[in-house]
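Hi,

Here is the structure I promised to pass on.

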Amino acid sequence: MAERPRHVLRLFGVSESAVAKAFEEAGGDGDGVEVTICARDFEIHVDLVVEPGAEERGEAVETALAERLGRWLFARDERRVEEMVLSLAEARGLKLATAESCTGGMVAARLTDVPGSSASFVGGVVSYADEVKRSELDVPETLLAQHGAVSAEVAEAMAEGARRRLGADVAVAVTGVAGPDGGTPEKPVGRVHLHVAGPDGSLVRMLDLPGERGQIRVRATVTALHLLRALLTGSRNESA
């Protein structure tokens, strides 16, 4: 039996329910087209399986979904986001680095899990303590005193420090409160600041993430990788 054609859409920054609604508006299941919508690693993966003879409808449904969800669509294949980041960096001859606090090296681990990552990834600093932020990333004491370690200002300084100290073109920084302790009314558990800096400018995000410590760390990691992807592709979309 011939394998049925399969179309893949991968999205980030949109809810599973919003994708399901868009699919219904595009015509839904039936007439030779079946869809599976699955949340994986805080991304949404859509698989369209098309029966023989229904190729035209399958393409129409895929096109309609892409039009409705284009703001969040980042891939039509199954490459992991870290593979995309490394491929984009290598194509442009750019070197990558990480500066991580609450994620504890998880962004670097995802990147170095990809074979051949050394072509673009130079290294990272896990600056969990403020002293390491100062000594290894040149984060000014005045910023830490005025804004605190979990702040947009410190995230920016961490990213720029990683670029400078590690000789990288592009760096991503993550600092936040992963919990279960350490939160305050001003900076609750789940508050994360991210900053990606490169020769083309920077992208900044502040997140207030729900869930347990592990979920917060994983989601911050995935968001950091998508911010890297967005900067390397020239996207200024805040949903990236």
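Predicted model: local features only at pLDDT ≥ 70, side-chain atom pairs only at ≥ 80, totals over all residues.

Let me start with a pair of helices: α1 and α2 are oblique to each other. The angle between the two helices is about 135 degrees, and their axes lie 9 Å apart. That angle falls in neither the roughly perpendicular range, 65 to 115, nor the roughly antiparallel one, over 145, which is why I call the pair oblique. As for handedness, α1 passes α2 in a right-handed crossing. On the α1 side the contact is made by A18, V19, A22, F23 and E25, and on the α2 side by V61, L65, R68 and L69.

E25 and R68 form a salt bridge, with the closest N and O atoms 3.4 Å apart. This one links distant parts of the chain, since E25 sits in α1 (residues 16-25) and R68 in α2 (residues 55-69), 43 residues apart. Is E25 buried, exposed or something in between? With a relative accessible area of 47%, E25 is partly exposed. R68 is partly exposed too, at 37% relative accessibility.

Next, the strands around β1. Six of the seven residues of β1 are buried, so this strand is mostly covered. β1 pairs with β3 in the antiparallel sense, over seven bridges, and L11 has I44 in β3 as its bridge partner. β1 also pairs with strand β4 (residues 73-75), again in the antiparallel sense, here over two bridges.

D47 and R6 meet in a salt bridge, 3.2 Å from N to O. D47 belongs to strand β3 (residues 43-50) and R6 to strand β1 (residues 6-12), so the pair ties together parts that are 41 residues apart in sequence.

How many salt bridges does the structure hold? There are 19. Another one to look at is between R191 and D208, whose side chains meet at 2.6 Å, N to O. R191 is in strand β8 (residues 191-198) and D208 in strand β9 (residues 201-208), so this pair also links distant parts of the chain, 17 residues apart. Here R191 is buried, at 14% relative accessibility, while D208 is partly exposed at 45%. Elsewhere, salt bridges that share partners join R80, E82, E83, R110 and D113 into one network.

R163 is found in helix α7 (residues 152-166) and is partly exposed, with a relative accessible area of 21%. The cut-off for buried is under 20%, which is why R163 does not count as buried. R163 and G198 are 35 residues apart in sequence, yet their C-alpha atoms are 8.2 Å apart in space. Leaving aside residues up to four places away in sequence, R163 touches A168, D169, V170, A171, A197, G198 and P199.

Over to you now.

Cheers

Note on methods:
Residues numbered from 1 in each chain as written. Heavy atoms only, no water. Salt bridge = Lys/Arg side-chain N within 4 Å of Asp/Glu carboxyl O. Helix = DSSP H or I, 4+ residues; strand = E, 2+ residues; numbered from the N terminus. Buried < 20%, exposed > 50% of the residue type's maximum accessible area, 1.4 Å probe, protein only. Pairing = 2+ DSSP bridges. Axes fitted to C-alpha atoms, helices over the stretch in contact; angles between N-to-C directions. Parallel < 35°, antiparallel > 145°, perpendicular 65-115°, else oblique. Left-handed = near helix turned anticlockwise from the far one by under 90°. Contact = heavy atoms within 4.5 Å.
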